[in-house]
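Please keep the sequence and the 3D view open while you go through these points. Each one picks a spot and says what to look for there.

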Amino acid sequence: MSLYAQERLRVLVVDDEQRMLDSIAAILSDDVDVTTSRSAHRALELLHTGQFHVVCSDYKMPGMNGEELLKRVTGLPLYTSCLLITGAEEYIRSSEGGRHYVILKPFEPARITRLVLELARLASARRSVDALASSSTARETLAPPSMRGAPSPRPPEARDAPESSQRARVSSYPPPSSRVSSCLGATRLVDAGLPARTVK
């Protein structure tokens with residue numbers, strides 16, 4: 001089993017109402033580690049000290065609303081999924097659609113649990129890909145100058161095989177895009193600037 005499969009997913013829930021914080025924490029705590037915050041400013045402090053996979057924020061809060069908070073979260077160096085929880089008509093009227101998901105109050109416990117788990121797994125997958133890319137770049141940097149950019153040697157059977165059989169072997173593989181999507185099934189969630197999805 002991989003390290004990422006064993007990793008405990010962590011969620012930060014932000015709401016200025018203690019009753020709502022306690023309710024959401026109780027719903028999610030069986031599946032993820034939950035930390036709560038009653039202000040957006042305190043949430044930003046926690047985000048700089050801990051590694052959360054998802055931030056679930058209420059929209060209507062004093063000082064800094066949930067939309068502003070999640071915009072700041074998307075600017076953090078470590079990828080973090082965002083979920084806005086709201087029943088506020090002000091958001092519905094004024095929203096231009098962000099890079100995060102929205103769930104409307106009132107919601108079913110099973111629905112928010114399923115959505116938070118999908119977003120947490122997406123963040124974990126994105127982070128593992130980013131870590132692999134960083135380690136690959138580091139290896140390339142540490143390689144001797146004579147080896148940087150040098151083509152890898154072809155195995156003897158590939159060198160000696162007839163050209164037609166080589167083409168057949170290559171064409172039998174699935175295209176790169178399908179390989180990526182099958183490995184990172186969760187990444188099919190909106191994570192590349194597509195319009196936000198509102199879950200009712």
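**Notes on the structure**

1. Start with arginine 19, which counts as exposed because its relative accessibility is 63%. The scale is this: buried means under 20% relative accessible area, exposed over 50%, and partly exposed in between (1.4 Å probe, protein chains only). The side chain of arginine 19 meets that of glutamate 17 in a salt bridge, 3.9 Å from N to O. A salt bridge here is a side-chain nitrogen of Lys or Arg within 4 Å of a carboxyl oxygen of Asp or Glu. Glutamate 17 is partly exposed, at 40%.

2. A word on the source: this is a predicted model, where local features need pLDDT of at least 70 and side-chain atom pairs count only at pLDDT 80 or more, while totals for chains, interfaces and linings use all residues. Residues are numbered from 1 along each chain as its sequence is written, and side-chain values use heavy atoms, with hydrogens and water left out.

3. How many salt bridges does a search of the whole structure find? The search finds four. One of them joins arginine 42 to glutamate 45, with the closest N and O atoms 3.0 Å apart. These two sit three residues apart in helix H3 (residues 40-49), so about one helical turn separates them. Helices (H or I, at least four residues) and strands (E, at least two) are DSSP runs, numbered from the N terminus. Arginine 42 is partly exposed at 43%, and glutamate 45 is partly exposed at 47%.

4. Another salt bridge links the side chains of aspartate 58 and lysine 105, at 3.0 Å from N to O. Aspartate 58 lies in strand E3 and lysine 105 in the loop between E5 and helix H6 (109-142), so the pair ties together parts 47 residues apart in sequence. Aspartate 58 is buried, at 7%. Lysine 105 is partly exposed, at 29%.

5. Now look at strand E4 (residues 81-86). Why is E4 largely enclosed by the rest of the structure? Because six of its six residues are buried. Ser81, Leu83 and Ile85 point one way, while Cys82, Leu84 and Thr86 point the other way.

6. E4 has a partner in E3 (residues 54-58): the two pair in the parallel sense over five bridges. Strands pair if DSSP finds at least two bridges between them. The chain crosses from E3 through helix H4 (residues 66-73) to E4, and this β-α-β crossover is right-handed. That term means that, with the strands pointing away from the viewer, the path from the first strand over the helix to the second runs clockwise. E4 is also joined to strand E5 (residues 101-104) by four bridges, again in parallel.

7. Which residues of H3 are buried? They are Ala40, Ala43, Leu44, Leu46 and Leu47. They cover an arc of only 160 degrees around the axis, which puts them on the same side of H3. The arc is that of the directions from the helix axis to the C-beta atoms. These buried residues pack against strand E1 (10-14), strand E2 (33-37), E3 and H4; contact means heavy atoms within 4.5 Å. The face turned away from the buried side carries the exposed residues His48 and Thr49.
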